[in-house]
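I opened this model to see how its parts pack together. My notes follow in the order in which I looked things up.

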Amino acid sequence: METKTIMLACSAGMSTSLLVSKMQAAAKKTGVDYKIFATAASDVPNQLTSAAKPDVLMLGPQIAYMKADMQKQADQAGIPMAIINMQDYGMMNGAGVLSAAEKLMKAK
């Protein structure tokens, strides 16, 4: 089974880095192996057009205002996208955000 890739994006990619760690811990607990990484919103276009593009894009709530533009880019790349639930983000609920990403990948 190929490893799925989950990309989180925020203003600078720093606030989502802690969430990445929480998501990796949650994935390890359930025995799944995902590549999960954080990036700055400005790097999303590069990531979506790279050979190793992600399977799902999750936006931090602080960049929700960029949703329309990011959705257009994600649609062009053929990957699902959603905004991370504000409560899960604030609580750094890695398991909750991981579950949301998995639902998006299954719906694809």
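**Notebook: a helix and its surroundings**

I began with leucine 19 and set aside its neighbours within four places in sequence; leucine 19 is then in contact with Leu8, Ile84, Tyr89, Met92, Asn93, Gly94 and Val97. I note here that the model is a predicted one.

Next I looked up the nonpolar cores. The largest has 21 residues, and of these Ile6, Leu8, Leu19, Met23, Met58 and Leu98 touch the most other members. I listed the elements that give two or more residues to this core: E1, H1, E2, strand E3 (56–59) and H5. I also found a second, separate core of 14 residues, and Met7, Ala41, Met70 and Ala77 are among them.

I then turned to helix H1, residues 15–30.

Which residues of H1 are buried? I found Thr16, Leu19, Val20, Met23, Ala26 and Ala27. Seen down the axis of H1, the buried residues fall within an arc of 130°, so they line one face of the helix. I recalled the general rule: an α-helix has 3.6 residues a turn, so residues three or four places apart point the same way. Lys28 and Lys29, on the other side of H1, are exposed.

I checked what the buried residues of H1 pack against: strand E1 (4–10), strand E2 (34–40), helix H4 (86–90) and helix H5 (94–107). After H1 comes glycine 31, and its phi is positive, near 80°.

From H4 I picked methionine 86, which has its place in that helix.

From strand E1 I picked threonine 5. Threonine 5 has 10% relative accessibility, so it counts as buried. With neighbours within four places in sequence left aside, I found threonine 5 in contact with Lys35, Phe37, Pro54, Asp55 and Val56.

Lysine 35 lies over the face of phenylalanine 37, at 5.3 Å from the ring centre. I looked for aromatic pairs as well, and the structure holds zero.

Conventions: Residues are numbered from 1 along each chain as its sequence is written. This is a predicted model: local features need pLDDT of at least 70, side-chain atom pairs count only at pLDDT 80 or more; totals for chains, interfaces and linings use all residues. Side-chain values use heavy atoms; hydrogens and water are left out. Buried means under 20% relative accessible area, exposed over 50%, partly exposed in between (1.4 Å probe, protein chains only). Helices (H or I, at least four residues) and strands (E, at least two) are DSSP runs, numbered from the N terminus. The arc is that of the directions from the helix axis to the C-beta atoms. Contact means heavy atoms within 4.5 Å. A nonpolar core is a set of buried Ala, Val, Leu, Ile, Met, Phe, Trp, Tyr and Cys residues joined through side-chain atoms within 4.5 Å. Rings of Phe, Tyr and Trp (its six-membered ring) pair if their centres lie within 6.5 Å; planes under 30 degrees apart count as stacked, over 60 as edge-to-face and the rest as tilted. A charge sits over a ring if NZ of Lys or CZ of Arg is within 6 Å of the ring centre and within 35 degrees of the ring normal.
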